[in-house]
Amino acid sequence: MNIEQNHIEKHNDALLTSHQRKLNFLKEEWSHVDLESVIQKLVDFQIAIPSWALGTGGTRFGRFAITGGEPRTIEEKIEDVGLLHALNGASGAISLHIPWDIPQNAEALKSLASSYGLTFDAMNSNTFQDQAGSAHSYKFGSLQNVNKAVRKQAIEHNIEVIKQGVALGSNALTVWLSDGSCFPGQLNFRKAFENTLESLEEIYSALPDDWKMFVEYKAFEPNFYSTTVGDWAQSLLYANKLGSKAYTLVDLGHHLPNANIEQIVALLLMEGKLGGFHFNDSKYGDDDLTAGSIKPYQLFLIFNELVEGMDAKGMNHAKDLGWMIDASHNVKDPLEDLLQSVEAITIAYTQALLVDRKSLNAAQYNNDVAAAQEILQHTFRSDLRALVAESRLRTNAALSPIGLYRDLKVRENLVKHRGLGTVATGL
Ligand code: AFD
Ligand code: MN
Ligand code: MN
């Protein structure tokens, strides 16, 4: 289904007066700030949608396809992201996961994507599941495996993913490994690291010049004693040893409880080794909940470090880091959930853009702790949603994406076309 421009205009017209009132209030409140440049940054800011989040997620206990109309093919996944992008103007890219997605005709997919204004973001390889017909099992790891033949199979898969990405116009490979061990003694840590590094080096050498490699870390699960890329230090070790095209990827759900993610982000940025993000939220572990649904203040604090650090290096906010969502959900309509994640991420970014840096620097210099907190919480507690809505208005997207999604009965429409029992590929 397509969302027609006249539907969006009708929807926006009905909300315009109330939107203008809120926007004018903000213009007065923040008259000392160049809000036009803030809005332009929001217009430019795009967050990639993972192809594996478009179906109803599952847990290891079960999978409830409650919504229906799930995308059955890569083309239908592109169509879904196209719907999101039409609604919010901020989801202009899709991140594929191979072989959950199997791109067959790259040219046709590229032109389908561009008809929705979409590009292909980072490609994700998968060596955490055995595929039907593959010669070797990843039961005891992939790139770390003691068996060279297993490592070779995993390396070749990653190189194949790069090739598919090149054909689609992507420019990054995300490697997430579930490699590790479940019991003490199972693994020689040093050898596992060396095998992994050597394997990553082979993959790295297949990267085109303008590509990046993102090395994603995760503290635990599915391995529960050790993980071979278990934290940001280990990821950074690999990235530093690999070279200038390798970076650390921060998935917000991949830390031990209460980790100070904003500090990790600040230091990775300082080192020029922060590649990008997998946004989601969590209360306990890798919960993959909607971004901003549990800890919106943490999300803001992360963006606060990002804006400060990117500006210190003169980086382009929209282009120099990879902004991706990695969430899956089993009690919400995945498309509504993704709209909520994008909105939460954009709000946190907006709050960070409005932090009074000069006063914050002065408060820090004077060790004025209370003032520093006041400055941060002033923007965090301000309702800046009208600025985000204004950026949508400027890109011909909807003032209320979820409102329009429901008014147009998008899900019902997808169910009508695709059926109730469709199941998207993914976890
Ligand atoms: C994992 C990682 C990684 C991977 C994804 C698959 O976050 O990004 O690609 O889940 O669903 O936990
Ligand atoms: Mn992830
Ligand atoms: Mn994860």
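Thr 422 sits in the segment that follows helix α15 (410-418). In this predicted model, Thr 422 has 19 C-beta neighbours inside 10 Å, so it counts as partly exposed.

**Thr 422 and its surroundings**

- How far apart are Thr 422 and Thr 67 in sequence and in space? They are separated by 355 residues along the chain, yet their C-alpha atoms are 9.4 Å apart.
- Once neighbours within four places in sequence are left aside, Thr 422 is in contact with Gly 68, Gly 69, Glu 70 and Arg 72.
- The label "partly exposed" follows from the neighbour count: a residue needs 20 or more other C-beta atoms within 10 Å to be buried, and Thr 422 has 19.

**The protein as a whole**

- The protein contains 15 helices and 13 strands.
- Along the principal axes, its C-alpha atoms fill a box of roughly 65 × 60 × 40 Å.
- A compact globule of 427 residues would have a radius of gyration near 22 Å, and the value for this protein, 22 Å, agrees with that.
- Of the 427 residues, 46% count as buried.
- Take the contacts between residues at least 6 apart in sequence: 80% of these join residues at least 24 apart.

**Helix α10 and its partner α9**

- Helix α9 covers residues 296-312 and helix α10 covers residues 334-353; their axes come within 8 Å and cross at roughly 50°. That angle makes α9 oblique to α10.
- The crossing of these two helices, α9 and α10, is right-handed.
- On the α9 side, the contact uses Pro 296, Leu 299, Phe 300, Phe 303, Asn 304, Leu 306 and Val 307. On the α10 side, it uses Ala 344, Ala 348, Tyr 349, Gln 351, Ala 352 and Leu 353.
- What classes of residue make up this contact of α9 with α10? There are 11 nonpolar residues, 2 polar ones and no charged ones.

**Helix α10 and its partner α2**

- Helix α10 also meets helix α2 (residues 35-44), with axes that come within 11 Å and cross at roughly 150°. The two helices, α2 and α10, are therefore roughly antiparallel to each other.
- The crossing of α2 and α10 is right-handed.
- Val 38, Lys 41 and Leu 42 from α2 meet Thr 346, Thr 350 and Leu 353 from α10.
- By class, the residues of this contact are 3 nonpolar, 2 polar and 1 charged.

**Helices α11 and α12**

- Helix α11 (residues 357-365) and helix α12 (residues 369-380) have axes that come within 8 Å and cross at roughly 160°. The helices α11 and α12 are therefore roughly antiparallel to each other.
- Here α11 passes α12 in a left-handed crossing.
- From α11, the residues Ser 359, Leu 360, Ala 363 and Gln 364 make the contact, together with Ala 371, Ala 372 and Ile 375 from α12.
- This contact of α11 with α12 has 5 nonpolar residues, 2 polar ones and no charged ones.

Terms used:
Residues are numbered from 1 along each chain as its sequence is written. Chains are lettered from A and ligands numbered from 1 in the order in which they are written. This is a predicted model: local features need pLDDT of at least 70, side-chain atom pairs count only at pLDDT 80 or more; totals for chains, interfaces and linings use all residues. Axes are lines fitted to C-alpha atoms, for helices over the stretch in contact, and angles run from 0 to 180 degrees between N-to-C directions. Helices (H or I, at least four residues) and strands (E, at least two) are DSSP runs, numbered from the N terminus. Angles under 35 degrees count as roughly parallel, over 145 as roughly antiparallel, 65 to 115 as roughly perpendicular and the rest as oblique. A crossing is left-handed if the near helix is turned anticlockwise from the far one by less than a right angle, and right-handed if clockwise. Two residues are in contact if their C-beta atoms, placed from the backbone, lie within 7 Å. Ala, Val, Leu, Ile, Met, Phe, Trp, Tyr, Cys and Pro count as nonpolar, Asp, Glu, Lys and Arg as charged, and the others, Gly among them, as polar. The radius of gyration is taken over C-alpha atoms; the globule rule is 2.2 Å times the number of residues to the power 0.38. A residue is buried if 20 or more other C-beta atoms lie within 10 Å of its own, exposed if 12 or fewer, and partly exposed in between; C-beta atoms are placed from the backbone.
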